Amino acid sequence: MQDELLTIGRFARLCRLSVKQLRHYDDMGLLAPIRVDASSGYRYYAPEQARDALTIALLREMDLALAVIAQALAAGPERRSVILRAERDRLAERISRDQARLEMLERLAEGGLPGYEVTLGREPERRLAVVRAVCTPAEIGTRVEECVGRLLPVLGKTGIAWEPPLWGLYPLDLEERMEIAVGAQAPQGEGVPGLEFEVLPGGLVAETMHIGPYGQLPLAYNALFAAIHERGLHPQAPVREAYLVGPAEAPQEELMTRLIIPVQESTA
């Protein structure tokens with residue numbers, strides 16, 4: 001049988017991999033040699049293992065984690081498709097975030113930090129019908145869309161009268177796992193399955209207007225928080241976004257979002 005096997009060096013050349021990579025795959029439990037000589041420790045591979053070795057290398061080139069690759073190799077065809085589609089979706093989301101960052105960098109390179117007018121004013125009390133989600137900062141866009149998709153059908157089905165625009169509610173600190181909410185102002189209604197009701201207190205706020213893609217909202221937040229701290233004010237949660245012109249109404253460049261942060265004046 002040993003005559004039919006390949007040394008680790010020959011197998012590495014066959015698969016266009018390095019010996020170091022194959023040893024690492026073995027240590028990770030991804031691709032074990034068919035035989036290990038008890039006295040010399042030499043590793044031997046079967047030619048039919050080349051397909052798995054090449055697949056591992058291909059998926060690593062796509063930046064898939066070794067743990068995910070191990071799951072994919074061990075799974076049957078249907079489960080493997082589910083795993084790889086999930087990785088595809090994560091990659092697409094990362095590309096979308098990187099594209100938004102690229103556009104922000106281009107905007108900064110061309111004109112520096114954009115000018116945002118930050119104003120202080122009084123915000124009235126608002127009663128919102130909301131749905132909530134827990135997400136990471138990178139998942140905010142996707143979770144907001146999902147929340148809108150849950151909120152509007154419930155409002156329509158129950159006949160609750162609501163006033164546009166839709167609102168997004170966020171914590172001050174974008175933590176690894178955080179709760180967000182999407183709501184609509186609804187003076188009436190209670191005890192509706194799938195909905196919660198939250199009263200946003202009125203009071204002093206700092207606000208600014210952002211026109212453009214949601215991916216460039218960090219530019220507006222940069223100006224808003226800078227102005228708050230420069231004026232000696234203390235920001236309060238939740239941060240509020242009012243979607244005055246949304247994706248269904250205008251192209252990305254014409255989206256209009258009102259950013260509002262409740263503030264308290266310093267008592268010192």
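Reply: The model is predicted, so local features need pLDDT of at least 70 and side-chain atom pairs pLDDT 80 or more, while totals for chains, interfaces and linings use all residues. Residues are numbered from 1 along each chain as its sequence is written, and side-chain values use heavy atoms, without hydrogens and water.

Take E139, which takes part in two of these contacts. One is with R143, where the closest N and O atoms are 3.9 Å apart. The other is with R177, at 3.6 Å from N to O. E139 sits in the loop between β5 (126-135) and α6 (140-158), and R177 in the loop between β6 (163-170) and β7 (178-185), so this pair ties together parts 38 residues apart in sequence. Strands (E, at least two residues) and helices (H or I, at least four) are DSSP runs, numbered from the N terminus. R143 is partly exposed, at 21% relative accessibility, and R177 is partly exposed too, at 49%.

A further salt bridge joins R258 to E207, with the closest N and O atoms 2.8 Å apart. R258 belongs to strand β12 (residues 256-265) and E207 to strand β9, so the pair links parts 51 residues apart in sequence. Both R258 and E207 are buried (under 20% relative accessible area; exposed is over 50%, partly exposed in between, with a 1.4 Å probe and protein chains only). R258 and E207 also belong to a salt-bridge network with E123 and R126.

Methods: Salt bridge = Lys/Arg side-chain N within 4 Å of Asp/Glu carboxyl O.
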